[in-house]
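Subject: Structure handover

Hello,

Here is the structure we talked about handing over. Please have a look at it first, then read on.

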Amino acid sequence: MRVFHRLSTAHDDLIHDVSYDFYGKRLATCSSDQKIKVWDQNDNQKWELSAEWKAHSGSVWKLAWAHPEYGQVIASCSFDRTVCIWEESEDEKGQKKWQLKAHLVDSRDSVTDIKFAPKSFGLRLATCSSDGYIRIYEAMDIMNLSQWTIVEEFESQKGTSNCISWNPSSYDKPMIAVGSNEPYIKIWEYSETARKWHQIDTLTAYPIGSTISSSNLNSGIGGASIGINNNSMNNLGSGIGNNINNSISLGSGVGGSLNNGLNSAQGNSIGNGNIGSLNSISGNSLMSVANSSINISSGNNSIYSNSFDSSSDGGSRAIHDVCWAPNMGRSYHLIATASKDHKVRIWKLSSEKSKMELKEVMRKDDHKSEVWRVEWNITGTILASSGDDGNVCLWKCNMNGEWKLFSLISGEESTEDKYDR
């Protein structure tokens, strides 16, 4: 894989997230410089800055694009405890400009993640905060984005909630996976009967050893991110820009630049810089960023004999990111997590008699450093992860049902591929 384009973001501080729009033709970046920048891809496949503005009074952690059915809408969250809704519209001179439509100030602490619900659920936005609460907002009138109502608010756990991910399936009840500083994800489901969200009582199983019955599955997510562009699974890019730290969102960089690359061996486009975050693998393009160079190490599917002891964890397995895989006809769900303990994990959520079972089906430590972001492609068959080692790893399940590292992207000028068939 090689980097064929590098974009200087000119952010004045660490870039925390990069997010593609639905079509993969636009991307947005956010930073500790309190700014949001929007980039458009021109006919020559190069990215041009189309807008930038100061969005918050603190570091901007995450960005999320709404479905294009609702227009050009971006949500942002920040250390300043607020969520902002931005809409692109034309002024009286016919020039496009991003305008603040809503300022959501319900959180009592830093808002750490935001995700728009699947389109089938309407224009809804889920947020999680360091106060431990999940808040779900809805725009009751999609023609007036200045009015957002809290439709749900519940405490997911005591302490910080780091990340959230919606179940993308429109055929299931609304479900959300929540990550925290504890080592397991919690699965929440909306009950039409009770008309409220409740935590699913889940059975947790391991590849070897014990099975733990628990209704408190937590996992925490920290500062980097990976994202997949629904329209660009063939174009995976990653960049090193003005100090990009936490995102794999179809693009993010460390040092003020974003890269777009191409994986000629797979016919997919991939690029990267120092990887600290990933954001978008489900489309034709992926970008990632980190603070360190990348070291390639092979994955293994060895059986784990060590059982988990929560009393001795000490927060070392806090989950930095969680991503629910698209379900293409499977009878079960796959959920990936990125953890502080250097591990990338995939969990299988399935129905077992009267309970749901959450089983760990993959655990890899190829990053040899904290893993910040995980993201699925549009079919839920390829997983990307990024960490402090400056690498983006791509994982795929082989015919034996084993998840293997099949490609690795480095932010350095000289890059390598690894294919484990």
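Below is what was found in it, topic by topic.

**Ground rules**

This is a predicted model, so local features need pLDDT of at least 70, side-chain atom pairs count only at pLDDT 80 or more, and totals for chains, interfaces and linings use all residues. Residues are numbered from 1 along each chain as its sequence is written, and side-chain values use heavy atoms, with hydrogens and water left out.

**Confidence**

Start with pLDDT, the predictor's confidence in each residue, from 0 to 100. The protein averages 76. Of the residues, 69% score at least 70. Strand 7 has the highest confidence, at 97. Strand 20 (residues 257-262) has the lowest, at a mean of 36. Strands here are DSSP runs (E, at least two residues), numbered from the N terminus.

Residues 208-277 have pLDDT below 50. In the model this stretch still has 475 contacts beyond near neighbours in sequence. A contact means heavy atoms within 4.5 Å. Residues 414-421 also stay under 50. For them the model has 29 contacts beyond four places in sequence. Where pLDDT is low, the predicted coordinates should not be read in detail.

Strand 11 covers residues 124-129. Five of its six residues are buried, so this strand is largely enclosed by the rest of the structure. Buried means under 20% relative accessible area, exposed means over 50%, and partly exposed lies in between (1.4 Å probe, protein chains only).

Strand 10 (residues 111-116) runs antiparallel to strand 11, and five bridges join them. Two strands count as paired if DSSP finds at least two bridges between them. Lys 115 has Ala 126 in strand 11 as its bridge partner.

Strand 12 (residues 133-139) also pairs with strand 11, antiparallel, over five bridges. Strands 11 and 12 form a hairpin with three residues between them. In the turn, Gly 132 has a positive phi of about 85 degrees.

Four strands form an open sheet, in the order 14-15-16-17, with antiparallel pairing. Strand 14 (161-166) and strand 17 (196-199) are the edges, each pairing on one side only. From one strand to the next, the twist averages 30 degrees. Angles run from 0 to 180 degrees between N-to-C directions, with axes as lines fitted to C-alpha atoms.

Strand 14 pairs with strand 15 (residues 175-180) over five antiparallel bridges. Trp 166 has Ile 176 in strand 15 as its bridge partner.

**Salt bridges**

The structure holds 17 salt bridges. Each is a side-chain nitrogen of Lys or Arg within 4 Å of a carboxyl oxygen of Asp or Glu.

- Arg 26 and Asp 40 meet at 2.5 Å, N to O. The pair links distant parts of the chain: Arg 26 is in strand 3 (residues 26-31) and Asp 40 in strand 4 (residues 35-41), 14 residues apart. Arg 26 counts as buried because its relative accessibility is 11%. Asp 40, at 23%, counts as partly exposed.
- Arg 135 bridges to Asp 131, with the closest N and O atoms 2.9 Å apart. Both residues, Arg 135 and Asp 131, are buried.
- Arg 317 and Asp 341 meet at 3.7 Å, N to O. Arg 317 lies in the loop between strands 22 and 23, and Asp 341 in the loop between strands 24 and 25. They are 24 residues apart. Arg 317 is buried, at 10%. Asp 341 is buried too, at 15%.

Arg 317 and Asp 341 also belong to a network of salt bridges that includes Arg 345, Glu 360 and Arg 363.

For Cys 84, the nearest cysteine sulfur is that of Cys 77, 9.8 Å away. Cys 84 is buried, at 1% relative accessibility. For Cys 163, the nearest is that of Cys 128, 6.4 Å away. Cys 163 is buried, at 0%.

Pro 68 sits in the loop between strand 6 (60-65) and strand 7 (73-78). At 21% relative accessibility, Pro 68 is partly exposed. Leaving aside neighbours within four places in sequence, Pro 68 contacts Phe 22 and Tyr 23.

Best wishes

Conventions: Disulfide = S-S within 2.5 Å.
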